[in-house]
Amino acid sequence: MQLATIKARNTLPLYSLFIANAISLVGNVFSLIAIPWFVLQTTGSATQTGVTGFFTILPVVLAGFFGGTLIDRLGYKRTSIIADLASCVTTALIPLLHVTIGLEFWQLIVLVFLGALLDAPGSTARAALLPELAEQAGMPIERATSFVHVIERGARLVGAPLAGFLIGIMGTANVLWLNAISFIVSAAIIGLLVPVPKLAEKEQKTGRYFDELRDGLRFIANDSLILSIVVMVMLTNFLDAIFGGVLQPVYVNEVYGNALNLGLLIAANGGGAVIGGLIFAAIGHRLPRHTTFVAAFVLTGFRFWVYALYPPIWVLTVVTLITSIGAGPLNPIIGAIEFERIPPHMRGRVFGAITAGAWIAMPLGMLLGGILTDRFGTFIMMIGLAITFLITTLSMAFIPAMKEMNRKPQVSSLP
């Protein structure tokens with residue numbers, strides 16, 4: 001009985017972090033669905049909806065570059081709580097101002113910008129809490145990062161249709177109120193059930209802010225494996241932005257003419273990634289990382305070749321589900337490598353810079369995707385995307401730095 005109590009005490013903080021992360025992520029998905037829908041309902045303008053979307057991506061890049069050092073200074077637990085509470089306030093102000101004094105479009109943009117700006121550091125801070133909690137619970141880091149990835153994908157898979165359903169029965173404003181409450185719940189769980197990691201608590205930086213920011217960027221530049229991962233993820237995210245942001249919706253509209261089929265394909269993508277994440281959570285710590293990483297990435301790209309064949313929707317859905325299993329191991333492997341190589345006191349600034357690097361090419365991908373699809377059509381674009389993605393992902397097998405994935409160095413906690 002005493003052993004069971006000790007085990008429960010050791011695992012409670014980790015599972016509390018998982019639950020808080022799930023609630024916060026579902027809240028983010030609600031925002032992703034409800035806010036653009038709110039803009040369409042109140043303005044009727046697709047252009048203003050697009051502008052709103054732009055101001056949800058830009059803060060992620062800015063917060064990644066400039067907010068990471070602030071996370072290290074404030075502490076991971078404190079930053080997570082502050083970010084959730086700030087997201088609660090900015091989300092709640094949208095329906096509150098709308099039904100009281102009125103809400104101008106520029107005011108909505110400011111609230112969306114601030115919400116996204118403060119949310120990104122919160123996600124980074126929760127990720128930085130993971131290693132010590134996983135160690136305390138006796139869970140391999142590959143399994144812990146897999147669960148984080150499964151929760152993220154699951155939040156999208158469940159949150160998007162749930163948000164649409166709730167908007168239909170409650171109205172957009174009430175969903176935004178519900179969204180604000182979810183952030184309070186997440187902050188309360190972190191505040192009450194997740195302790196401050198002792199290692200992170202010891203590492204308090206006293207240098208200048210921008211010196212510490214440069215330290216984080218210098219760390220990435222000097223670690224050939226981390227730098228290679230950042231560059232490769234930036235390239236693949238660029239290609240994925242072309243596909244998901246423009247090419248896939250245009251293709252589905254041309255070939256199947258039904259938005260429901262687009263939702264089906266997106267759901268199959270999320271479902272496959274969840275399956276892949278669960279498989280990796282069970283056996284990932286026994287697999288060679290480099291081989292698994294390259295093979296999984298290549299598998300995800302096979303769907304582009306099938307798209308080019310213009311198959312029936314059920315065939316494309318099944319293929320999407322199967323190939324998306326390859327997405328399951330990718331983020332858990334990257335997360336495990338980051339936790340093993342990045343010193344604990346630098347997680348905030350380095351994670352933030354990595355996130356910014358991964359996202360920075362996505363707006364450009366969406367812009368170029370629209371221009372090139374209009375010019376060349378879906379078939380040429382799909383073939384070009386399939387070839388480019390295959391070359392990019394296969395090249396990872398021959399990059400010397402990426403072969404270091406299989407080594408598991410112990411990072412020093414000293415500055």
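A: Let's start with Tyr 310, which sits in the loop between H12 and H13 (helices are DSSP runs of H or I with at least four residues, strands are runs of E with at least two, and both are numbered from the N terminus). Before going on: this is a predicted model, so local features need pLDDT of at least 70 and side-chain atom pairs pLDDT 80 or more, while totals for chains, interfaces and linings use all residues. Residues are numbered from 1 along each chain as its sequence is written, and side-chain values use heavy atoms, leaving out hydrogens and water.

Tyr 310 isn't a glycine, yet its phi is positive, at about 55°. With a relative accessible area of 33%, Tyr 310 is partly exposed (buried is under 20%, exposed is over 50%, and partly exposed is in between, with a 1.4 Å probe and protein chains only).

Now for the helices on either side. The axes of H12 (residues 289–307) and H13 (residues 313–323) come within 8 Å and cross at roughly 165°; axes here are lines fitted to C-alpha atoms over the stretch in contact, with angles from 0 to 180 degrees between N-to-C directions. That makes the two helices roughly antiparallel (over 145 degrees; under 35 is roughly parallel, 65 to 115 roughly perpendicular and the rest oblique). The crossing of H12 and H13 is left-handed, meaning the near helix is turned anticlockwise from the far one by less than a right angle.

Who does the touching? On the H12 side it's Leu 299, Thr 300, Phe 302, Arg 303, Val 306 and Tyr 307, and on the H13 side Leu 316, Val 319, Thr 320, Ile 322 and Thr 323 (contact means heavy atoms within 4.5 Å). Sorted by class, that's seven nonpolar, three polar and one charged residues.

Thr 300, in helix H12, is worth a stop. Thr 300 counts as buried, at 9% relative accessibility. A polar atom of the Thr 300 side chain lies 2.6 Å from the backbone oxygen of Phe 297. Setting aside residues up to four places away in sequence, Thr 300 touches Thr 323, Gly 326, Ala 327 and Phe 389.

At 22% relative accessibility, Glu 404 counts as partly exposed. Leaving out residues up to four places away in sequence, Glu 404 touches Ser 224, Leu 225 and Arg 341. Ser 224 is 180 residues from Glu 404 along the chain, but their C-alpha atoms are separated by 9.1 Å.

Terms used
Nonpolar A, V, L, I, M, F, W, Y, C, P; charged D, E, K, R; others polar. Polar contact = N/O pair within 3.5 Å; in protein donor to acceptor, adjacent residues only side chain to side chain.
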